[in-house]
Structures are given as structure tokens and as C-alpha cells.
Amino acid sequence: RFILLQNRQGKTRLSKYYHPFDLAERPKIESEVIRTVLSRDQKHTNFVEFRTYKVIYRRYAGLYFSVCVDTTDNELMYLESIHLFVEILDQFFGNVCELDLVFNFHKVYAILDEVFLGGEVEETSKFVVLSRLTELEKLD
């Protein structure tokens, strides 16, 4: 349904919607997701029911990576795909931080589009994604 990257203050650093949500509803969804994620104890799982969907999230440093999926989708696959996405970001930017995501948002969206297509996992090979990104960098 959507992918969100948010910091602990609730500021959305990246959002990609794969399902048509009303533009007025998107900020409400984003604040509802971050409030739900922040209020959960670390002892709980990284899966939470959200409306009629599931949100799978993972925290890295001060950022929360959240993916909203159907209730029938595999949670562990999406949890691992979040980790893959973060590993690719880390390798691409060299120890990625929140400022890299803010100032290079167009590159982050390109990486996101290489890993996810239409909200589904497209590529699971870190090497393939990084080689595609290297080719894209040559075009700039």
C-alpha cells in the first residue's frame, strides 16, 4: 500500500504510495503510523495491525522504515526487504545518515524503485541493484 521513512520526531523523510489515497488523508496516515510505531514497546514484534492492513516496520538509528501491506502478505519477507533496502542505502552512500536521505532524495527514490515495484519486492540481489545504480550514476 505504501512505504514510509520517518524520524523519531514524526517527520516523514520519504513516502511512496502504491494505492490511491486522498492527498488530504496522507498526512493523517503518516502521523497515525508513526504514533503507532513509537508507542510500541521494543519487546513486541515489528508487525502491527493498521486499519484493514498490516504495517511492518524496523528502526535503524533515528529512522523508522515502515511498509504497509495486505494482511495476507508475508511479514518476514517485508522485514527482510526493509533490511535489504537499508543495506543498499548504506553501501551506496557509505554509512548513510538522515541528511543523505534529505539532500539526495531523488537517488533514494531511484533505489526504492529498484527494490520495490508497485509495492511488491522486485529485486532481492544487492549486487544487481548496486550495479543498476552505478549505471544510472554514469548517465548523470
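**Core and helix packing**

Phe-85 touches Leu-5, Phe-65, Val-108, Ile-111, Leu-112 and Val-115, leaving aside residues up to four places away in sequence, where contact means heavy atoms within 4.5 Å. This is a predicted model, in which local features need pLDDT of at least 70 and side-chain atom pairs count only at pLDDT 80 or more, while totals for chains, interfaces and linings use all residues. Residues are numbered from 1 along each chain as its sequence is written, and side-chain values use heavy atoms, with hydrogens and water left out.

Phe-85 is, with Phe-65, Ile-88 and Leu-89, among the residues with the most contacts inside the largest nonpolar core, which has 27 residues. Such a core is a set of buried Ala, Val, Leu, Ile, Met, Phe, Trp, Tyr and Cys residues joined through side-chain atoms within 4.5 Å, buried being under 20% relative accessible area (1.4 Å probe, protein chains only). Two or more residues each come from β1 (2-7), β4 (53-60), β5 (63-69), α2 (75-93), α4 (105-115) and α5 (126-139), these being DSSP runs (helices H or I, at least four residues; strands E, at least two) numbered from the N terminus. The most, 9 residues, is given by α2. A second, separate core of 15 residues includes Leu-4, Phe-21, Val-33 and Tyr-57.

The helices α2 and α5 pack at an angle of about 45°, with their axes 10 Å apart, the axes being lines fitted to C-alpha atoms over the stretch in contact and angles running from 0 to 180 degrees between N-to-C directions. The contact is made by Leu-84, Glu-87, Ile-88, Gln-91 and Phe-92 of α2 together with Lys-126, Val-129, Leu-130, Leu-133 and Glu-137 of α5.

Conventions
Buried < 20%, exposed > 50% of the residue type's maximum accessible area, 1.4 Å probe, protein only.
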